[in-house]
Amino acid sequence: MTKMVKAALCLCAAMSLSTASRAAENVSVAIISFSPYAPWYIVKEKGLAKDINLDVKIIEGITEKNAAISSGQVQCMNNTMDSMVLARAGDLPVKVVAFSDMSYGLDKMIVTKDINSVQDFKGKTYGADYGFLNHMWMLLTLKRAGIDKNELHHAVMLPQESAAAFASGGTDIDVNYDPFAAQSLKREGSKIFKSSLTDRTWERGLISDAIACNETWLKKNPKVAKELIRAWFEAVDWWKENPEDGNKIVAKGLSWPIADVKLNQNGAVMLNLSQNMGAFGLAGGKPLCESVPAEAPKPPADSKGWGSLFNGPDCAAGYAPPTWDLFSETYLKAGVAQKEVKSSEGLDSSILAELAKDGYTAKYASNKWIGRLGPK
C-alpha cells in the first residue's frame with residue numbers, strides 16, 4: 001500500500017470520526033427525584049436515543065427548572081400538566097409533546113378521623129404546595145362540591161413539609177403523594193379520604209405528568225426531538241417488559257433504594273404511545289380510561305368521575321385539551337395565574353402523530369403495569 005493511499009485512508013477515517021462526533025447532539029432533560037420521570041436513565045444507560053448525548057439533570061424546584069429551559073440550559077423537562085399550564089401563562093416558551101405517566105393511586109388526601117365528607121373540609125387547614133398538582137386537585141374537589149376555596153385555609157408547603165406538619169398535628173388535611181402520604185398516615189387516627197385511583201382522576205388526566213420542550217428548540221431540531229421522544233417510549237416499553245432490571249437502572253439514576261422506586265410505581269401507570277394518542281384524541285389511540293393495564297387495581301364500583309366539570313362523560317378520548325383549559329381557568333380564578341392560556345398554545349401532538357405514522361404504536365405497545373411488583 002502506497003503512502004498516498006494510506007494517507008487518503010487515514011484522512012477518510014478522520015473525516016468519518018469527525019462527522020460521527022458532530023452528528024451526536026447534546027440534549028439535556030430536567031426532572032425531579034421521581035421514578036415515573038426516570039425512564040430517561042434507561043434511555044441513557046442503554047443508549048436508546050440514536051446520535052444523542054443525553055444528560056439527565058435533577059432540578060427539584062419548578063422555578064429553577066423553568067429558568068433552565070428558558071435559558072437553554074436544558075431542552076426538555078418532565079413536570080405535572082398543571083405546572084405546564086402555569087409555565088405557559090408565565091410566557092415560558094414550552095410545548096407539551098407527550099405524557100409520561102398518570103397518577104393511579106399515588107396521590108392521596110390524608111385526613112383526620114373527624115373528616116368524613118367534602119363538606120367537612122370547611123374551616124379546615126390543608127397542606128399542599130402552591131400551583132402544583134395537589135393544589136389543583138383540592139381546587140377541583142371544592143369546585144365539584146360547590147365549596148368556595150376561601151372556606152378552607154391553605155398552608156403552602158413543599159410535600160415533605162406538608163407531611164411533617166400533618167403528622168405533628170399542624171394541619172387537618174395533607175394533599176400529597178407517596179412516599180410523603182405514607183408518612184402522614186402514621187398520625188394516630190388518620191385515614192385516606194380518597195386517592196387518585198378511587199377519585200378516578202385518571203379518566204380525565206387531572207393528575208398527570210407531561211414532557212415539554214423549549215418550542216424554539218423544537219422548531220430548530222425536529223428530527224432530534226422526534227428521536228428523543230421515540231427513545232422515551234422505547235425505554236418505557238422495555239421497563240414494562242423488564243421491571244426488575246428497569247427498577248435497578250432507575251434506582252441507580254435517582255440514588256434511591258429499589259423499594260422506593262417500587263412504592264412510586266405502585267401508584268402510577270406509565271403511558272404507552274397509544275395512550276398518549278388517546279389523550280390527544282389522535283386516530284388509532286386509546287386513552288388510559290379505555291385501556292387500563294390488566295394487573296392494575298380497579299376503582300370502587302360506586303366511585304364518581306369528573307365528567308360533570310366538562311359537560312361530558314367521565315371517560316373520554318381527547319381529554320388533554322379540555323383538561324388543560326380547565327386548569328387554566330381554575331388557576332386564573334384562584335389567583336394563581338395572571339392570565340388564561342389556551343391549550344392550542346401549550347399542546348403539540350405532532351411528534352406523536354409522526355411516531356404513529358412510522359409504526360411505533362404497535363412496536364411500543366406494552367400495557368403492563370410496572371406497579372404490579374408492589375411496594376415491597
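**Close-up views of a predicted model**

View 1. Leaving aside residues up to four places away in sequence, Val341 is in contact with Val85, Arg88, Ala89, Trp324, Asp325 and Ser328. Val341 itself belongs to the loop that runs between α13 (320–333) and α14 (343–346). Because its relative accessible area is 2%, which is under 20%, Val341 counts as buried.

**View 2. Asn116 and its contact with Lys191.** Asn116 is located in the loop between β5 (107–111) and β6 (125–128), and with a relative accessibility of 56% this residue is classed as exposed. When residues up to four places away in sequence are not counted, Asn116 touches Lys191 and Phe193. The side chains of Asn116 and Lys191 make a polar contact at 2.6 Å, although these two residues are 75 positions apart in sequence and their C-alpha atoms are 9.8 Å apart.

**View 3. The largest pocket and its lining.** The largest pocket holds about 420 Å³ of space, and its lining is made up of 21 residues, with Glu60, Asp129, Leu158, Pro159 and Tyr177 lying nearest the centre. Two or more lining residues come from each of the helices α3 (62–71) and α6 (159–167). Sorted by class, the lining comprises 12 nonpolar, seven polar and two charged residues.

Methods:
Residues numbered from 1 in each chain as written. Predicted model: local features only at pLDDT ≥ 70, side-chain atom pairs only at ≥ 80, totals over all residues. Heavy atoms only, no water. 1 Å grid on protein atoms, 1.4 Å probe; cavity = no way out; pocket = protein on both sides within 12 Å on 5 of 7 lines; lining within 4 Å. Points joined across faces, edges and corners; volume = space filled by probe spheres on them. Helix = DSSP H or I, 4+ residues; strand = E, 2+ residues; numbered from the N terminus. Nonpolar A, V, L, I, M, F, W, Y, C, P; charged D, E, K, R; others polar. Buried < 20%, exposed > 50% of the residue type's maximum accessible area, 1.4 Å probe, protein only. Contact = heavy atoms within 4.5 Å. Polar contact = N/O pair within 3.5 Å; in protein donor to acceptor, adjacent residues only side chain to side chain.
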